[in-house]
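Biologist: I would like to learn how to read a fold from its coordinates. Could we go through it feature by feature?

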Amino acid sequence: MNASPLALRVFKGFRAVALIPLALAATVSIAQTNTIVMASTTSTEQSGLFSSLLPAFKQASGIDIKVVALGTGQAIDMGRRGDADVLFVHDQVAEEKVVAEGFAIKRFPVMYNDFVLVGPAADPAKTKGKDIVEALKKLSASNASFVSRGDKSGTHAAELRYWKTAGVDNPQFAGYKACGCGMGPALNIGSSSNAYVLTDRGTWLSFKNRGELVVLVEGDTRLFNQYGVMVVNPAKHPQVKAAEAQKFVDWVISPAGQAVVASYKIGGEQLFFPNATR
């Protein structure tokens, strides 16, 4: 017996309604596939670099990137847990370790800038010059106010290396304060308290609330600050979107990505210098 025209319309209506969740699920799936999570540093995010880099990558690939900005140590721990697809950080020793442990596939250098010691223009500890180790010795001896990030970031790791070279394994002088915070907040504390701060140059150039702080120590070769990028290993965490993450790695170390890194400037001054190698 043939169905009536009305029954056919009702059936088609039910079928269309039944297909809506499937269509929505497909749309959500596509959106999720085209978004990856990057664990990176507060210095790359707060410097403003990603405001130029990520839209350029989206245009080239159609892939969105959600950035979680943390200290490098915390960012790498995200990779170890499988909570990120790609890492963009700046502590080469820790980066090589996470690759050796099998939690990341391969590390690629991307770009560099440098660290600088900023402090009050009057420079009561007399640190001004090119030697970061001598400057830290003077800070410790004078009990000057110093704000450390104290957050296991790449900047914090570098700071601790410099203190150790200066003969201070565990800085505990009266003026030393660890904020456990990102680069921007550490600079804000330094600005409000007229304290010395070790910062990456990129964040410093983008920092507006300088108060009386100026650059006092720069140019020491030990202040070199290298950034690396790596895909989290899907063999450890199958949910990692390794193919999409690899597209970002391949793009950011390509001439196109490196050109975007080089073109990012504030006040005409370049913040990061591309040096990718395959």
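Biologist: Left-handed or right-handed: which is the crossing of helix 3 and helix 10?

Modeller: The general idea is to look along the line joining the two helices: a crossing is left-handed if the near helix is turned anticlockwise from the far one by less than a right angle, and right-handed if clockwise. Here, helix 3 and helix 10 cross in the right-handed sense. One caution before we go on: this is a predicted model, in which local features need pLDDT of at least 70 and side-chain atom pairs count only at pLDDT 80 or more, while totals for chains, interfaces and linings use all residues. Residues are numbered from 1 along each chain as its sequence is written, and side-chain values use heavy atoms, with hydrogens and water left out.

Biologist: At what angle do helix 3 and helix 10 pack?

Modeller: Axes are lines fitted to C-alpha atoms, for helices over the stretch in contact, and angles run from 0 to 180 degrees between N-to-C directions. The elements themselves are DSSP runs numbered from the N terminus: helices are H or I with at least four residues, strands are E with at least two. For helix 3 (residues 50-61) and helix 10 (residues 242-252), the angle is about 110 degrees and the axes are 11 Å apart. The two helices are therefore roughly perpendicular (65 to 115 degrees; under 35 is roughly parallel, over 145 roughly antiparallel, and the rest oblique).

Biologist: Which residues make the contact?

Modeller: Contact means heavy atoms within 4.5 Å. Helix 3 brings Leu 53, Leu 54, Ala 56, Phe 57 and Ala 60, and helix 10 answers with Lys 247, Phe 248, Trp 251 and Val 252. Sorted by type, these residues are eight nonpolar, no polar and one charged. In this scheme Ala, Val, Leu, Ile, Met, Phe, Trp, Tyr, Cys and Pro are nonpolar, Asp, Glu, Lys and Arg are charged, and the others, Gly among them, are polar.

Biologist: What does Ala 56 touch beyond its neighbours within four places in sequence?

Modeller: Those contacts of Ala 56 are with Trp 251 and Val 260. Ala 56 also shows how sequence and space can part ways: Ala 256 is 200 residues away in sequence, yet the two C-alpha atoms are 9.1 Å apart. As for accessibility, buried means under 20% relative accessible area, exposed over 50%, and partly exposed in between (1.4 Å probe, protein chains only). At 22%, Ala 56 is partly exposed.

Biologist: Where does Ser 254 lie?

Modeller: Ser 254 sits in the loop between helix 10 and helix 11 (255-263). With 13% relative accessible area, Ser 254 is buried. Its C-alpha atom is 9.5 Å from that of Val 110, a residue 144 places away along the chain.

Biologist: Let's move to the strands. Which way, parallel or antiparallel, do strand 4 and strand 9 run?

Modeller: Two strands pair if DSSP finds at least two bridges between them. Strand 4 (residues 108-120) and strand 9 run antiparallel, joined by six bridges, with Asp 114 opposite Phe 224. Strand 9 is also antiparallel to strand 3 (residues 86-89), through four bridges; there Phe 88 has Val 229 as its bridge partner. Strand 9 (residues 224-231) is mostly covered, with seven of its eight residues buried.

Biologist: How many bridges link strand 4 and strand 8?

Modeller: Four, in the antiparallel sense, and Gly 119 stands opposite Val 214 of strand 8. Strand 8 (residues 213-217) has four of its five residues buried. Glu 212 is in the loop between helix 9 (201-206) and strand 8. Setting aside neighbours within four places, Glu 212 contacts Gly 119, Pro 120, Ala 121 and Asn 194.

Biologist: What is the phi of Lys 126?

Modeller: Most residues other than glycine have a negative phi, and most peptide bonds are trans. Lys 126 has a positive phi of about 60 degrees. Lys 126 is in the loop between strand 4 and helix 6 (132-142), and is exposed at 57%. Asn 143 also has a positive phi, about 55 degrees. Asn 143 belongs to the loop between helix 6 and strand 5 (146-148) and is partly exposed at 41%.

Biologist: And how many helices and strands does the protein chain have?

Modeller: There are 11 helices and 12 strands. Of the 278 residues, 47% are buried. Among contacts between residues at least 6 apart in sequence, 76% join residues at least 24 apart.
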